[in-house]
Amino acid sequence: MWKYILKRLLLLIFTLFLVVTATFFLMQIMPGTPFTNPKLTPEAIAQLKSTYGLDLPLWQQYLNYLIGAAHGDFGISFQYQNQPVSMLIGQRLPISAQLGAQALVVGVIAGLFMGAASARNKNNKIDGTLGIISTLGISIPSFILGIILVYLFGFKWPLFPVSGWGDSFSQTILPTLALAMSPAAITTRFVRSEMIESLSSDYVQLAKAKGLSAKEVVNQHAYRNSMIPVLTLIGPMAAGLLTGSTLIEQIFSIPGIGQQFVLSIPSKDFPVIMGTTIVYSAMLMVMILITDILTAIIDPRVRLQ
Amino acid sequence: MSNPILKVENLHVNFNTYAGTVQAIRDVSFDLNKGETLAIVGESGSGKSVTTKTLMGLNAKNALIPDNSRLIFKDRNLLDLKEEEWQSVRGNEIAMIFQDPMTSLDPTMRIGMQIAEPLMKHRKMKKVAALARALELMKGVGIPNAEEHINDYPHQWSGGMRQRAVIAIALAVDPEILIADEPTTALDVTIQAQILKLMKELQKDTGSSIIFITHDLGVVAGMANRVAVMYAGKIVEYGTVDEIFFNPQHPYTWGLLNSMPTTDTKVGSLVAIPGTPPDLLDPPTGDAFASRNEYALAIDLKEEPPFFRVSDTHYAATWLLDERAPKVTPPVQIQRRWERWREIQGQEAQS
């Protein structure tokens, strides 16, 4: 087990190296330059380029970046002068991660309950209602829901603050709900279909034949088995949520990393683009690793090696 | 022998589907005596499995059972039970062995725990005590080195071993009735014999009654005391195992017996009953088997045959037994069986 995890972590570092390389050279293809301010004289631009090391040959820039990144130095932002990228990410990522984690917990728990309720009441009113809710949840974009929530609970019935971060927990409620809806809906659909399959399986028939109640059958047999495929869904979902949502952060004025990532692209802030890409890739791979470990814990047929 | 523990009376089971009402069980009645093994034999779709599911109260939600159907067990009609009451019957008084051991165990639960579950449910045993009893049960069904394997998961076991575990689950709480739904169909032939032997030994120890569902008459011979032959949702003939094997009266039973390969069967000459079973969405009038029956009489197409008595224990629903029916000559193999029957009868008369 530990050997396997170590192997996966080494693989993760190698994959990150590939991601860094690909992103680095793709950015060179991007048209335009970071220094577009018309007030800048050619001398000043040359000065800036030499400060950031952009006057060096490409291979040397690449090598410098790799060496820096290996030491945890992801360069200095072009937009915010003198702000190291690691500091920028260090400030903004925890905010996005907290919001994402809250949304993940709310979304997945809601999805598990609604999916199981839907499956157990297959084809009746409860299933139908939950089906409509989850279809809406998947098809309504989160920013529309965000705006609706702001209108309802910030304006019509002002229950929660509609913007900002870090002053009170109540600030996090509306963005969490807005962000949680889509994962809740997706999880509901997935759990429903897995649970229906599990409930029609032979081992559930046998569990019923033992005299277990419907509730015991679900809790002791069906849930565990239908969780195995659901986990593979939640892993990548978690990576996406924890690394921030541009639109939700924009609507609720949350200084997270999602917002930062998007802003850094038009301004050609190469170090920030690189840094956030690395963070997202690493997060995704760690989540997939965690998913695999959890799957092996739940499903005795899976052995990690 | 006539001490029925279970009486099935006029059982009808219909299923409402989009295509219409499927009449899966059409008036089935039989008794199950204490300590005996009753085999229910028939081809796919004859209603064997629906019968077992009905006995376990595990039919799908679209099943409709008319009020005059009765399953009398311990002075009550099981069909009147509420779901909670069923839960104290299932796996406790009536238990079931499933067909496919590869899929009927929960892949994510340790086998010992799966055997312990009914004990914890019905005997209110604590986990430790239930697992200790599970270990005994595992030894009882012939799991070697049971101590080492109690914490195994199903995928670590072979099919035959898993079926032993399924049997241990069914026997955990000493059920009075054990329903075995084709318990050996999914197993290798060599393993089949072991499992059948095990079931017979366990029945001797526990004295439970077994309803043995199968399509394999070869398995029936060594297992059952009595046999009921089902066709298109009805019982067409029932009797003791000797009566069914050596004095069969219904042409469908003849067909089943003849389709059984024996050591004399020539290579490449497997016998089959021609045609397919009728559509139970719209069962034919008269004898449902008539269209596949080379001995069918004109009346078979019009009127359903009642049960004709062959002996006190042997009845068959075929117009051939009516005194007005022409005498037909059954297939050669059946004639040989009848000869053997006369020999057995003669020997019994002498002794």
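# Why we call it that: two chains of a predicted model

Q: How many of the residues of chain A count as buried?
A: Of the 305 residues in chain A, 46% count as buried. To get that label, a residue needs under 20% relative accessible area. Keep in mind that this is a predicted model.

Q: And what is the buried share in chain B?
A: There, 54% of the 351 residues count as buried.

Q: What makes up the secondary structure of chain A?
A: Helices: chain A has 12 of them and zero strands. Read from the N terminus, the elements go α-α-α-α-α-α-α-α-α-α-α-α.

Q: Which elements does chain B have?
A: Chain B comes with 12 helices and 13 strands. Its radius of gyration is 21 Å, close to the 20 Å from the globule rule for 351 residues, so chain B is as compact as a globular protein of that length. Along its principal axes, the C-alpha trace of chain B spans about 70 × 45 × 40 Å. For chain A, the spans are about 85 × 55 × 30 Å.

Q: Why is the pair A:Asp299 and A:Arg301 called a salt bridge?
A: The cut-off is a side-chain nitrogen of Lys or Arg within 4 Å of a carboxyl oxygen of Asp or Glu.

Q: Are its two partners, A:Asp299 and A:Arg301, buried or partly exposed?
A: A:Asp299 has 6% relative accessibility, so it counts as buried. A:Arg301 has 43%, so it counts as partly exposed, because that label covers values between 20% and 50%.

Q: How do you know that B:Glu36 and B:Arg226 form a salt bridge?
A: Their side chains meet at 2.8 Å, N to O, and the cut-off is within 4 Å, so the pair qualifies. This pair links distant parts of the chain: B:Glu36 sits in the loop between β2 and β3, B:Arg226 sits in strand β10, and they are 190 residues apart. B:Glu36 is at 1% relative accessibility, so it counts as buried. B:Arg226 is at 15%, so it counts as buried too.

Q: What makes B:Lys48 and B:Glu182 a pair that ties parts of chain B together?
A: Their side chains meet in a salt bridge of 3.2 Å, N to O. B:Lys48 lies in helix α1 and B:Glu182 in the loop between β8 and α8, so the pair ties together parts that are 134 residues apart in sequence.

Q: Why are B:Lys48 and B:Glu182 called buried?
A: B:Lys48 has a relative accessible area of 4%, so it is buried. B:Glu182 has 7%, so it is buried as well.

Q: Which residues of chain B are linked in a network of salt bridges?
A: B:Lys74, B:Arg76, B:Glu93 and B:Glu176. Over all chains, the structure holds 21 salt bridges.

Q: How many positive and negative side chains does each chain have?
A: Chain A has 19 positive and 13 negative ones, with the centres of the two sets 9 Å apart. Chain B has 36 positive and 44 negative ones, with the centres 4 Å apart.

Conventions: Residues are numbered from 1 along each chain as its sequence is written. Chains are lettered from A and ligands numbered from 1 in the order in which they are written. This is a predicted model: local features need pLDDT of at least 70, side-chain atom pairs count only at pLDDT 80 or more; totals for chains, interfaces and linings use all residues. Side-chain values use heavy atoms; hydrogens and water are left out. Buried means under 20% relative accessible area, exposed over 50%, partly exposed in between (1.4 Å probe, protein chains only). Helices (H or I, at least four residues) and strands (E, at least two) are DSSP runs, numbered from the N terminus. The radius of gyration is taken over C-alpha atoms; the globule rule is 2.2 Å times the number of residues to the power 0.38. Lys and Arg count as positive and Asp and Glu as negative; His and the chain ends are not counted. The place of a charge is taken as NZ of Lys, CZ of Arg, CG of Asp or CD of Glu.
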